[in-house]
Amino acid sequence: MEYRKLPHGTERESFSVLGLGMGGIQNSCDTEIEETIQMAIRYGINFFDLCAGAKNVYEPFGRAIKGRRDQVFLQMHFGAVYNQEGAYAWSRNLKEIKETFAWELKALGTDYTDMGFLHCVDEDKDYEDLVNNGVFDYIKECKEKGSVRHIGFSSHTPSVANRILDTGLADMMMFSINPAYDLEKGDAYGIGSAVERMDLFKRCEAEGIGISVMKAFHGGQLLDAKTSPFSIALTKVQCLQYAADRPGVLTVLPGVRNKADLESLLPYLDASPQERDYSLIGEFTPADAVGHCVYCNHCQPCPAGIDVGLVNKYYDLALAGDEMAANHYDKLSVKADACISCGHCDKRCPFSVNQSKRMKEISNYFTKLEVAAAY
């Protein structure tokens, strides 16, 4: 299992790249829920989203993590509530949100959540309601008291996400990421152009905002050629790798219904580079995304030994204002200036990026930074 550190977190706050969502496990019996979580932890999964599909998930989940609370990280949503029948509901009522959070903590057998998330902030009105109803102030109060370790939010809308990031309040964001959404072939939740979405992800990495990913399989549609907007089926491994490669992403949270669903995700842990390769989506790139590196590394192997995807990523992040990107680039054993302009990467790039030309551009950029720093 690969683990990625929360930039604004402590040393121990490193999250498994493969996490789990609890939005579909409610139809399993208590024993199945408990055993599924225990099995996930045994395989190194330590990050769980608790926007559960129903109220009955919490107590068996709490039993599963009893005695190992410090080994897992929980993401809980301020605005996800449960009706009298125990089914998931949505609320902006401060009293209801407070009561739900108190009940959740008790059912889980803990006194804090690692991530307190403003739930489903998709429109400007959602944002304004959270401010006007006192939910913003309440979640900040919870952080001050320690029942929330970090504040975050979930959204599907780049413009609204940027508005929340502008407050400086968030350490983490949950966002819908998959090839269909990012290449403008998704549904109503795939909001924003390819460039807008990538700019948001770059901003998060540049500012140290971690991203947890929802909808990595596009509701399962990407896994079946009949329902995929590309008319080609992707594997779960390809979808997970695609999401994990976006800037800022710390953990990807596919939902599971039972142990069988969890088992279907585990091949990701030891998948080969060929199994992780999702570059076939390059055939469906929208016009405004052509010529933009998406760090898929389908151009590998580079005869000069350059990690082309990583070099591009550090360059894009530096341009986006990430002050650490130049330092990360400097630590690479093989940099852009090693390019021999053989054209191997240009021929293989599914997104039509002229990588040979870009390597010279990147080398010149970081060389100028080094010269400026010397003075």
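How many helices and strands does the chain have? The predicted model has 15 helices and 12 strands, where helices (H or I, at least four residues) and strands (E, at least two) are DSSP runs numbered from the N terminus. Residues are numbered from 1 along each chain as its sequence is written. Because this is a predicted model, local features need pLDDT of at least 70 and side-chain atom pairs count only at pLDDT 80 or more, while totals for chains, interfaces and linings use all residues; side-chain values use heavy atoms, with hydrogens and water left out.

Turning to overall dimensions, the C-alpha atoms fill a box of roughly 65 × 50 × 40 Å along the principal axes. The radius of gyration is 21 Å, which agrees with the value near 21 Å for a compact globule of 375 residues; this radius is taken over C-alpha atoms, and the globule rule is 2.2 Å times the number of residues to the power 0.38. Of the 375 residues, 55% are buried (under 20% relative accessible area, with exposed over 50% and partly exposed in between; 1.4 Å probe, protein chains only).

An open sheet runs in the order β3-β4-β5-β8-β9-β10-β11-β12, eight strands with parallel pairing; two strands pair if DSSP finds at least two bridges between them. At its edges, β3 (20–21) and β12 (249–252) each pair on one side only. Within the sheet, β4 (residues 47–49) and β5 (residues 73–78) are joined in the parallel sense by three bridges, and Phe47 stands opposite Phe73 in β5.

Beyond its neighbours within four places in sequence, Met22 touches residues including Ile37, Phe48, Phe61 and Val256.

Finally, the cysteines deserve a look. A search of the whole structure finds zero disulfides (pairs of cysteine sulfur atoms within 2.5 Å). The sulfur of Cys302 is too far for a bond, because the closest cysteine sulfur, in Cys342, is 6.3 Å away. Cys342 is likewise in no disulfide, the nearest cysteine sulfur being that of Cys345 at 6.1 Å.

How values were computed: Contact = heavy atoms within 4.5 Å.
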